[in-house]
Amino acid sequence: MLIFKLLLVGLGGFCGAILRYAVSRWIENRKSSTLPTATLIVNIAGSFLLGILIGLDLTKTWFLLCGTGILGAFTTFSTFKLEAIQLHINKRWKGFIYYVLASYFFGICLAYTGFKLGRWFML
C-alpha cells in the first residue's frame, strides 16, 4: 500500500512539475516584467486550486495524487523565496515588497476562496 501511495505522489509530482514548467514558459514568453510574474501566478493559482481540493474533502487517494503530487510540484515555495532574495540583493526594494506582499496576500485570499468554492460544490 505504501508503494501505491508513493506512486500516486510521484505520478502527480511528475505531471505538476511539467505543468509548472509549461505555464511558466508560456507566461514568460508573453510578459516581460522585472517581477517574477510566472512564479507569482503559478503559486497563487496553485493556492486557489489547493483550496478547492481541501474544500471538496477528497479521499486520501485523490488528495495524494492531486494535492500532494500535482499541486505540490506545480507550486514552488523555494523558487518564490529565491526570487525574493534576488530582488532584495539587487536592491529592487519596490519589486521585493510588491512580490512578497502579493504572493502572501493573494495566495492566502485565493486559497480561502477556493476552499469556500469547494465547500459550495459539496452542498
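This is a short walk through one protein structure, from its overall layout to a few single residues.

The model is a predicted one. I will start with the whole chain. The protein has five helices and zero strands. Along its principal axes, the C-alpha trace spans about 50 × 30 × 25 Å. There are 123 residues in the protein, and buried ones make up 33% of them. The accessible surface comes to about 8,100 Å². Carbon and sulfur atoms hold 73% of that surface.

One more figure for the whole chain concerns contacts. Take the contacts with a separation of 6 or more: 74% of them are accounted for by residues 24 or more positions apart.

Now to helix α1, which covers residues 2-30. What makes up the nonpolar surface patch of about 450 Å²? The answer is Leu2, Ile3, Leu6 and Leu7. Of these, Leu6 has its place in helix α1. Leu6 counts as exposed because its relative accessible area is 53%, and the cut-off for that word is over 50%.

Val9 is also in helix α1. Its relative accessibility is 26%, so Val9 counts as partly exposed. Which residues does Val9 touch, once neighbours within four places in sequence are left aside? They are Leu64, Thr68 and Gly69. For a sense of scale, the C-alpha atoms of Val9 and Trp120 are separated by 27 Å. Along the chain, those two residues are 111 residues apart.

Next, the annotated positions. In UniProt, an unreviewed entry carries the annotation "binding site", and that annotation covers Gly72 and Thr75. Gly72 lies in helix α3, residues 60-74. Thr75 lies in the loop between α3 and α4, where α4 is 77-89.

Leaving aside neighbours within four places in sequence, Thr75 is in contact with Arg20, Val42, Asn43, Gly46 and Ser47.

The last topic is the aromatic rings. How many aromatic pairs does a search of the whole structure find? It finds five. One of them is formed by Phe80 and Tyr99. The ring centres are 5.2 Å apart, and the angle between the planes is 55°. That pair is tilted. It links distant parts of the chain, with Phe80 in helix α4 and Tyr99 in helix α5, residues 93-122. The two residues are 19 residues apart. Both Phe80 and Tyr99 are buried.

A further pair is formed by Phe105 and Phe106. Here the centre-to-centre distance is 5.2 Å and the planes are at 75°. This pair is edge-to-face. Phe106 is partly exposed, with a relative accessible area of 42%.

Finally, ring pairs link Phe77, Phe80, Tyr99 and Tyr104 into a cluster.

To recap, this is a predicted model with five helices. On its surface there is a nonpolar patch that includes Leu6. The "binding site" annotation from UniProt covers Gly72 and Thr75, and the cluster of rings includes Phe80 and Tyr99.

Key
Residues numbered from 1 in each chain as written. Predicted model: local features only at pLDDT ≥ 70, side-chain atom pairs only at ≥ 80, totals over all residues. Heavy atoms only, no water. UniProt positions renumbered as here; feature names shortened; annotations may be inferred. Helix = DSSP H or I, 4+ residues; strand = E, 2+ residues; numbered from the N terminus. Contact = heavy atoms within 4.5 Å. Patch = residues over 30% accessible without salt bridge, like charges linked within 9 Å, V, L, I, M, F, W, Y side chains within 5 Å. Areas by Shrake-Rupley, 256 points an atom, 1.4 Å probe, with all protein chains shown as cover. Salt bridge = Lys/Arg side-chain N within 4 Å of Asp/Glu carboxyl O. Buried < 20%, exposed > 50% of the residue type's maximum accessible area, 1.4 Å probe, protein only. Phe/Tyr/Trp six-rings, centres within 6.5 Å; stacked < 30°, edge-to-face > 60°.
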